[in-house]
Amino acid sequence: MKILLPTSTAGSLPKPSWLAEPETIWSPWRLQGEELIEGKQDALRVWLQEQQQAGIDIVSDGEQTRQHFVTTFIEHLNGVDFEKRKTVKIRDRYDASVPMVVGAVSRQKPVFVEDARFLRQQTKQPIKWALPGPMTMIDTLYDDHYKSREQLAWEFAVILNQEARELEAAGVDIIQFDEPSFNVFFDEVNDWGIAALERAMEGLKCETAVHICYGYGIKANTDWKKTLGSEWRQYEEVFPKLQKSNIDIISLECQNSHVPIDLLELIRGKKVMLGAIDVATNIIETPEEVANTLRKALEFVDADKLYPSTNCGMAPLSRGVARGKLNALSAGAEILRRELSA
C-alpha cells in the first residue's frame with residue numbers, strides 16, 4: 001500500500017437491525033428472497049460508507065452478506081449436511097451444534113465472488129476479503145466421512161484456493177484467511193496446518209494474510225482468556241514457522257491483551273496487521289491509546305510493514321460503538337504518521 005500505516009478491520013462489522021438480530025453472531029436474517037439480497041447489499045454500502053467516513057484505508061464488506069465467518073462458506077459446499085448436526089467443542093473451549101460432513105466435499109459454484117464484485121463496483125480503494133482457513137473450517141464441523149482432520153483440511157484448501165483465485169480476479173487486493181484455530185492446535189498447525197493454508201493461497205498474485213486472534217468478544221472467549229495467565233504466549237508456538245511461510249501478512253491481537261509485544265520479533269520481516277482496537281469491550285479507545293499500541297510495535301515491525309487494525313471482528317458490538325472504534329483507529333494511525341514524518 002502506498003500510504004504509511006494503512007488501516008483496516010479484521011473482519012465482521014455489526015449488522016443493521018433491519019437485516020439481522022444485532023450484537024450477536026449466527027443471527028438469523030430478518031428478510032427473505034429478493035428483499036434479503038437487496039438488504040445485504042444495502043448493509044454492505046452502509047458499512048463501506050462508514051469505513052470511508054472514518055478514514056479506513058483498506059475497506060471490506062464487513063461480512064454483511066454472511067451469517068457467520070465460517071459456516072456461511074461451508075453451507076455452499078457439497079458433502080456437508082446442515083440437517084444432520086452434532087455438538088462439538090469449537091476451538092477446544094465451547095460447545096456448538098455444527099453440520100456434518102457426510103461425503104466428499106466440493107464447491108458447486110463461487111460463494112462470495114458476486115459480493116466481491118459488487119463491493120469492487122462501489123469503491124476504488126483497496127479491498128480486503130476474508131475467508132475461513134482450512135483448520136478453522138474443520139474445527140467448525142463434525143466429520144463423518146474422511147475421519148481425518150488433516151485430509152479434510154487439504155480438501156478444504158483446494159476449495160478455498162478455487163474461491164480465492166476468483167476473488168482475486170474480481171478485484172480483491174488482499175485475501176485474508178481466518179485461523180483462530182492456530183492459537184489452539186499447535187502441533188497440527190506446525191505439522192500440516194500452515195502447509196494447508198499455503199495450498200489455499202497457491203498461485204495468488206494479490207497479497208495474502210492470515211488472521212490469528214483470541215476470538216470475538218463473547219463470554220466463551222472472554223472466560224477462556226481469564227485462564228491464560230498474565231502472559232499469552234500462544235503466538236510463540238506458530239510464529240517461527242509462519243515467518244518462513246509464503247504468507248504476506250500476519251494479522252494478530254494486541255490491544256488490551258496479554259500478548260507480549262516482543263513476540264513480534266519472531267515474525268520480523270513480515271507485514272503485520274496489528275490489532276490496536278479491543279473488540280471485547282464497549283469502551284472506545286482514544287486515538288492516543290491506539291497510537292501508543294502502534295508505537296510499541298514499531299520496535300519490532302518496520303513502519304512500512306505495519307497495518308493498524310482491530311483485534312477481531314466487531315459483529316457482537318453495537319453500530320455506534322463500532323463506528324467510534326473505527327474513528328479511533330484512523331485517528332490513532334494519523335497521530336503516528338505525523339510523528340514519523342516530522
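Start with the largest nonpolar core of this predicted model. A nonpolar core is a set of buried Ala, Val, Leu, Ile, Met, Phe, Trp, Tyr and Cys residues joined through side-chain atoms within 4.5 Å. Buried means under 20% relative accessible area (1.4 Å probe, protein chains only). This core has 97 residues. Select L131, L242 and L252: they touch the most other members. Next, select helix α5, residues 149–169. Helix α5 gives the most to this core, with eight residues. Helices (H or I, at least four residues) and strands (E, at least two) are DSSP runs, numbered from the N terminus.

Zoom in on L131. Which residues is L131 in contact with, leaving aside its neighbours within four places in sequence? They include F73, F112, L160, A164 and F177. Contact means heavy atoms within 4.5 Å.

Now show the strands. Six of them form an open sheet, ordered β3-β5-β6-β7-β8-β9, with parallel pairing. Two strands pair if DSSP finds at least two bridges between them. β3 (128–132) and β9 (306–309) stand at the edges with a single partner strand each, so one side of each has no neighbour in the sheet.

Select β8, residues 271–275. β8 and β9 pair in the parallel sense over four bridges. L274 has P308, in β9, as its bridge partner. Finish on helix α9, residues 287–297, which packs on the sheet and touches β8 and β9.

Residues are numbered from 1 along each chain as its sequence is written. Local features need pLDDT of at least 70, side-chain atom pairs count only at pLDDT 80 or more, totals for chains, interfaces and linings use all residues, and side-chain values use heavy atoms, leaving out hydrogens and water.

Definitions and conventions
Axes are lines fitted to C-alpha atoms, for helices over the stretch in contact, and angles run from 0 to 180 degrees between N-to-C directions. Buried means under 20% relative accessible area, exposed over 50%, partly exposed in between (1.4 Å probe, protein chains only).
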